[in-house]
Amino acid sequence: MRMRTQRQVVDYSLQKRALLREVHSGRVGIYEVCDASPYLKNAARFHGELTDDRCPVCRRENLTHVHYIYGDELKQSAGQARSKTELPVLAMTFREFQVFVVEVCRGCGWNHLVEQYLLGRSGLDESGPNAPTSTRRRREAAE
Ligand SMILES: [Zn+2]
């Protein structure tokens with residue numbers, strides 16, 4: 001389910017499929033891709049969302065999604081993992097921040113970036129009647 005202010009979504013499923021092909025053909029070692037750090041495993045345990053998808057490597061455990069948030073406005077919270085239920089609140093609190101979604105297998109340690117996107121109040125401007133389109137265009141042009 002998409003949040004209302006979600007924008008600039010980058011999907012990494014193609015990269016993931018390509019990497020998994022390499023793993024299944026033996027060109028990339030399992031130890032190279034199942035390298036979840038203790039921090040990532042902890043984040044999965046305490047802030048992760050368990051999905052219905054089986055781990056594509058060990059096929060024993062279901063994958064957990066971890067949401068990391070980044071942005072200058074977040075100050076000391078930048079780089080932290082947050083549970084998905086906290087994101088709508090943060091999206092109404094801050095103008096703009098980046099979310100990185102990482103899938104983790106808590107069994108074998110497989111991990112991969114799923115997608116990234118922007119959240120935040122400034123996304124509401126884009127469809128609002130008083131949308132500051134000139135500001136938005138300038139920002140997009142700068143990227
Ligand atoms: Zn696994």
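**Salt bridges and a zinc site in a predicted model**

Let me begin with Arg 7 and Glu 96, whose side chains meet in a salt bridge at 3.3 Å, N to O, where a salt bridge means a side-chain nitrogen of Lys or Arg within 4 Å of a carboxyl oxygen of Asp or Glu. Arg 7 lies in strand 1 (residues 7-11) and Glu 96 in the loop between helix 4 (87-93) and strand 5 (97-105), so this pair ties together parts that are 89 residues apart in sequence. Helices (H or I, at least four residues) and strands (E, at least two) are DSSP runs, numbered from the N terminus. Arg 7 and Glu 96 are both buried, buried being under 20% relative accessible area, exposed over 50%, and partly exposed in between, with a 1.4 Å probe and protein chains only.

A word on the source: this is a predicted model, in which local features need pLDDT of at least 70 and side-chain atom pairs count only at pLDDT 80 or more, while totals for chains, interfaces and linings use all residues. Residues are numbered from 1 along each chain as its sequence is written, and side-chain values use heavy atoms, with hydrogens and water left out.

How many salt bridges does a search of the whole structure find? The search finds 4, and one of them joins Glu 103 to Lys 16, with the closest N and O atoms 2.9 Å apart. Because Glu 103 lies in strand 5 and Lys 16 in helix 1 (residues 13-24), that pair ties together parts 87 residues apart in sequence. Glu 103 has 2% relative accessibility and therefore counts as buried.

Let us turn to the metal. The zinc ion is coordinated at 2.3 Å by the SG atoms of Cys 55, Cys 58, Cys 105 and Cys 108, donors being N, O and S atoms within 2.8 Å of the metal (3.2 Å for Na, K and Ca), and since water is not among the atoms, sites may look incomplete. The angles among the 4 donor atoms are 107 to 118°, and the site is tetrahedral, a term that requires, for four donors, all angles between 85 and 135 degrees. Along the chain, the donors follow the spacing C-x2-C-x46-C-x2-C. Within this set, Cys 58, in the loop between strand 2 (49-54) and strand 3 (62-70), and Cys 105, in strand 5, link distant parts of the chain, 47 residues apart. Both Cys 58 and Cys 105 are buried.

Note on methods:
Four donors count as tetrahedral if all angles lie between 85 and 135 degrees; four count as square planar and six as octahedral if opposite donors are over 155 degrees apart and all others between 65 and 115; anything else is irregular.
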